[in-house]
Amino acid sequence: MIFRKKQPMMTLGRWVLALAVVASLMLLVSGPGARLGFWDFRFGFQLIRWAFFGALGVAALALVFLFIRRLRQTHGGPLVAALVLAAGCAYIPYSLYQTATTVPRIHDISTDLNDVPAFVAIAPLRVDASNPVAYPGAEVAEQQRVAYPEVQPLASNQPGDVVFAQALAVAEDFGWTVVANAPDQGRIEAFDTTFWFGFVDDVVIRVDEQSGQTVVDVRSKSRVGLSDVGKNAQRIGRFLEALDQRLDS
């Protein structure tokens with residue numbers, strides 16, 4: 001008789017856990033599905049939204065039913081698992097949203113905002129990109145200055161050819177696809193593919209000898225999307241840090 005009273009709640013707990021699994025799966029496939037071409041990245045973003053709100057609903061259900069189980073003094077293993085899974089599923093989109101709201105809605109970052117390095121070999125690859133190859137202008141430059149003051153050129157006492165070779169090596173080490181390698185022009189062009197959604201971001205590296213020093217400027221620009229959520233500035237920072245370490249070693 002006691003077992004029969006517990007059975008409906010046990011079944012309900014498993015259903016709530018199943019819903020938590022569904023929400024988690026939507027989150028897990030959102031990016032890879034877009035990267036593999038199963039759907040547009042916009043639908044992938046929609047899956048993330050559904051996963052977030054679905055996970056919140058599941059977490060609320062789990063909390064309610066856990067409270068009921070506590071009153072009945074019965075075991076709530078599936079509900080606890082559902083709560084933990086749903087909380088984790090909701091936290092990831094929430095953290096991404098929080099990051100997105102703390103950075104400007106720009107997607108073109110450069111260490112030189114007065115003489116922005118130009119894309120040459122990559123320009124034809126961006127013909128169908130929603131973001132044009134040209135630099136957006138002074139408004140974006142000012143937003144970058146405020147949000148990413150640390151994005152600055154790298155100056156080295158090493159000869160230009162040495163710096164160029166090391167810059168190319170770092171780009172290759174990072175797994176970027178090198179499109180142009182022009183040492184006579186001091187220009188390297190490459191693109192990087194993001195892990196989750198497979199977004200393609202283009203990079204141009206300019207190596208120039210100035211007043212007895214070699215100056216390295218880098219520009220990183222997303223092909224799609226209004227905001228890069230700080231990815232391009234992060235990419236430039238990582239590249240210049242790695243290059244600096246190579247030149248100092």
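**The model and its confidence**

This is a predicted model, in which local features need pLDDT of at least 70 and side-chain atom pairs count only at pLDDT 80 or more, while totals for chains, interfaces and linings use all residues. Residues are numbered from 1 along each chain as its sequence is written, and side-chain values use heavy atoms, with hydrogens and water left out.

The pLDDT, the predictor's confidence in each residue from 0 to 100, has a mean of 92 for the protein, and 94% of the residues reach 70 or more. Over residues 1–6 the pLDDT is below 50, and this stretch has three contacts in the model beyond near neighbours in sequence; a contact means heavy atoms within 4.5 Å. Where pLDDT is low, the predicted coordinates should not be read in detail.

**Two cores**

A nonpolar core is a set of buried Ala, Val, Leu, Ile, Met, Phe, Trp, Tyr and Cys residues joined through side-chain atoms within 4.5 Å. Buried means under 20% relative accessible area, exposed means over 50%, and partly exposed lies in between (1.4 Å probe, protein chains only). The largest nonpolar core has 32 residues, of which Ile205, Val216, Val218, Phe239 and Leu243 touch the most other members. Two or more residues each come from helices H4 (138–147), H5 (160–173) and H6 (231–248) and from strands E4 (187–193), E5 (200–210) and E6 (213–222). Helices (H or I, at least four residues) and strands (E, at least two) are DSSP runs, numbered from the N terminus. H6 gives the largest share of this core, seven residues.

Leaving aside residues up to four places away in sequence, Val218 touches Ile109, Ser110, Thr111, Val203, Val204, Ile205, Ile236, Phe239 and Leu240. Apart from this core lies another, of 20 residues, among them Ile48, Ala59, Phe65 and Cys89.

**Helix H6**

The expected span of a helix is 1.5 Å times one less than its number of residues. For the 18 residues of H6 this gives 26 Å, and the end C-alpha atoms are 26 Å apart, which agrees. Its buried residues are Asn232, Ala233, Arg235, Ile236, Phe239, Leu240, Ala242, Leu243 and Leu247. An α-helix has 3.6 residues a turn, so residues three or four places apart point the same way. Among the elements that cover the buried residues of H6 are strand E1 (108–110), strand E2 (154–156), H5, E4, E5 and E6.

Asn131 lies in the loop between E1 and H4 and is buried, with a relative accessible area of 6%. Besides Gly225, Asn131 touches His107, Arg126, Lys221, Ser222, Arg223 and Val224, not counting residues up to four places away in sequence.

Arg187 sits in strand E4, and at 14% relative accessibility Arg187 counts as buried. The side chains of Arg187 and Glu189 are joined by a polar contact of 2.4 Å; such a contact is a pair of N or O atoms within 3.5 Å, where, within protein, one must be able to donate a hydrogen and the other to accept it, and residues adjacent in sequence count only if both atoms are side-chain atoms.

**Aromatic pairs**

Rings of Phe, Tyr and Trp (its six-membered ring) pair if their centres lie within 6.5 Å; planes under 30 degrees apart count as stacked, over 60 as edge-to-face and the rest as tilted. The count by this rule is twelve aromatic pairs. Here are two of them.

| Pair | Centre distance | Plane angle | Type |
|---|---|---|---|
| Trp39 and Phe43 | 5.6 Å | 70 degrees | edge-to-face |
| Phe174 and Trp176 | 5.6 Å | 70 degrees | edge-to-face |

Phe174 is partly exposed at 25%, whereas Trp176 is buried at 6%. Ring pairs also link Phe41, Phe45, Phe197 and Phe199 into a cluster.

**Positive phi in two loops**

Ser211, in the loop between E5 and E6, has a phi near 50 degrees, a positive value in a residue other than glycine. At 82% relative accessibility, Ser211 counts as exposed. Val229, in the loop between E6 and H6, has a positive phi near 55 degrees and is partly exposed, with a relative accessible area of 37%. Beyond four places in sequence, Val229 touches Leu96, Thr99, Ala100 and Val103.
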